[in-house]
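Please read them with the structure open beside you.

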Amino acid sequence: MKEYLPEGRRWRTAENRALLQTPEGVQKAFQQHIPLEARVVRCDQSHNLWVNLGGWQGVIPREEAALGVAEGFTRDIALLTRVGQPAGFYIEGLEGHGGTIQPQLSRRALQQEALDALFRTRRPGDILPVTVTHLEPFGAFVDIGCGLPSMIGLKQISVSRIPHPSARFQVGQELYAMITALSPETGRIFLSHRELLGTWEENAALFRVGETVPGVVRGVHSYGSFIELTPNLSGLTEQVQGLSEGDWVSVCIRSIDPRRMKLKLAVIRKLPEPSEPAPLRYWHREGNLPMWCYAPTDSPKPGTAVWEAPAPSIARP
């Protein structure tokens, strides 16, 4: 089965590099309809994308540079931001003038094929590899394959509340996301991320009473502060003067109450902000997640963060 990975992942493969290095490799990619990726070196005044291809420069015409450009619902900014980045494409033709080969390239054709494959083979609950492309206050935009965009809303990033997607993600970061819905009518695929980061019980099992661990302040209130230990697990400490949201602290775990989903913490001291974000711990990276409930089964809060795949529709004769 052909893979339609986020742009940048095919670019690093030995097969892609080998095909780009020689005219014979480019000819093979054309004849066998093999997708390629190459770095975009410039976007000209007409918004055509130029890429380095087998010792030549190939051009992806503006209308072929992204799905929706010709129809007017993809803006040219989506093309400008590809400069310096890899882009995927098919070689649609090889034309020569005066001994010079000018490959005819189409990114749009590859994206259309990838989108058709997603709607044909995927269903809610399926887990996809994605790459963060840019961040907005309301969510993280990601590449779900071949440059196709989708978004993970702020509330779907993790159970722990965060002020901005940048508190969890960085541009270029490779993630996993779960499909929550597909809309072939609009061409949209809806995503969530929090379900892949584990339930309350799974995350709480990583910690023990009496341990001292690092955490980040996610909420400051008159009755205390919420400290995030992992993206899907926070605990409450008594009010401590001088704490602000985003501060890093060390905390001692005083108690863990699974039924009430509560961790009691005590702040030990402030910590310097880590130079690099901790890697995300995924409990699910592939396959299909038909249902998920954050709360333990005997919790008095059974409706807390629940997701269940919709029943498949039955085709009528």
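1. Leaving aside neighbours within four places in sequence, Asn48 is in contact (heavy atoms within 4.5 Å) with Arg42, Cys43, Val59, Ile60, Pro61 and Arg62. Asn48 is found in the loop between β1 and β2, where helices (H or I, at least four residues) and strands (E, at least two) are DSSP runs numbered from the N terminus. Asn48 counts as buried because its relative accessibility is 18%, the term buried meaning under 20% relative accessible area and exposed over 50%, with partly exposed in between (1.4 Å probe, protein chains only).

2. On the basis of these values: this is a predicted model, in which local features need pLDDT of at least 70 and side-chain atom pairs count only at pLDDT 80 or more, while totals for chains, interfaces and linings use all residues. Residues are numbered from 1 along each chain as its sequence is written, and side-chain values use heavy atoms, with hydrogens and water left out.

3. For the chain as a whole, there are five helices and 17 strands, and the C-alpha trace spans about 80 × 55 × 35 Å along its principal axes. Of the 317 residues, 44% count as buried, and among contacts with a separation of 6 or more, 61% are between residues 24 or more positions apart.

4. Helix α1 (residues 14-21) has Asn16, Leu19 and Leu20 as its buried residues. Viewed down the axis of α1, these buried residues fall within an arc of 95 degrees, so they line one face of the helix; the arc is taken over the directions from the helix axis to the C-beta atoms. The buried residues of α1 pack against α2 (23-31), β1 (36-43) and β2 (49-53), whereas the face turned away from the buried side carries the exposed residues Ala14 and Gln21.

5. Strand β15 pairs with β14 (residues 248-257) in the antiparallel sense over nine bridges, with pairing taken to require at least two DSSP bridges between two strands. Cys252 stands opposite Ala266 in β15. β14 and β15 form a hairpin with four residues between them, and Met261 in the turn has a positive phi of about 55 degrees. β15 is also joined to β13 by two bridges, the two strands running parallel, and here Thr237 stands opposite Leu265 in β15.

6. The largest pocket holds about 1,500 Å³ of space. Of the 45 residues that line the largest pocket, Val142, Gly147, Leu148, Pro149 and Ser150 are the closest to its centre. On a 1 Å grid over the protein atoms alone, a pocket is an open set of points where a 1.4 Å probe fits, with protein on both sides within 12 Å along at least five of seven lines, and lining residues have an atom within 4 Å of a point. The largest share of this lining, five residues, comes from α4.

7. The second largest pocket has a volume of about 1,100 Å³. Its lining consists of 36 residues, with Val159, Arg161, Phe226, Ser234 and Gly235 lying nearest the centre. The elements giving two or more residues to this lining are β11 (212-221), β13 (233-237) and β15 (262-271), and β15 gives the most, with six residues. Both volumes are the space filled by probe spheres set on the grid points, which are joined across faces, edges and corners.
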